[in-house]
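Please keep the sequence and the model in view while reading.

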Amino acid sequence: MALLVERFEEEGAFENEDTVHSLKLHLASVNRFEKQEDVDKVVRHMERGFKQLLVYQMDNGLISEEAYSTLMAQTNYLIKKWR
């Protein structure tokens, strides 16, 4: 996921650096929970945090439709995988 965010950042898919920073911060937290093998926290952080952040960014024109769709699809896939 972090690589996707970086790719979209290079392509100019985000309105500003704060948008990118927020996504990377959430993914860093998820990564930490994943390393601790805390599946509940991983899923909860992705469902309640990351997905809501993506929706907020889309609703406020801070992310391109392509980046939003791709990241949301990947998020849903990973949530199903971790469950």
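Buried here means under 20% relative accessible area and exposed over 50%, with partly exposed in between (1.4 Å probe, protein chains only), while helices (H or I, at least four residues) are DSSP runs numbered from the N terminus. This is a predicted model, in which local features need pLDDT of at least 70, side-chain atom pairs count only at pLDDT 80 or more, and totals for chains, interfaces and linings use all residues. Residues are numbered from 1 along each chain as its sequence is written, and side-chain values use heavy atoms, with hydrogens and water left out.

In helix α1, which spans residues 2–10, the buried residues are L4, V5 and F8. Seen down the axis of α1, these fall within an arc of 100° and so line one face of the helix, the arc being that of the directions from the helix axis to the C-beta atoms. The face turned away from this buried side carries the exposed residues L3 and E10. The buried residues of α1 pack against α2 (17–35) and α4 (65–82), where contact means heavy atoms within 4.5 Å. Not counting residues up to four places away in sequence, F8 touches A13, F14, E66, A67, T70 and L71. Just after α1, G12 takes a positive phi of about 80°.

The axes of α1 and α2 come within 10 Å and cross at roughly 170°. Their contact is made by the residues tabulated below.

| Helix | Residues in the contact |
|---|---|
| α1 | A2, V5, E6 and E9 |
| α2 | E17, V20, L23, K24 and L27 |

Notes
Helix = DSSP H or I, 4+ residues; strand = E, 2+ residues; numbered from the N terminus. Axes fitted to C-alpha atoms, helices over the stretch in contact; angles between N-to-C directions.
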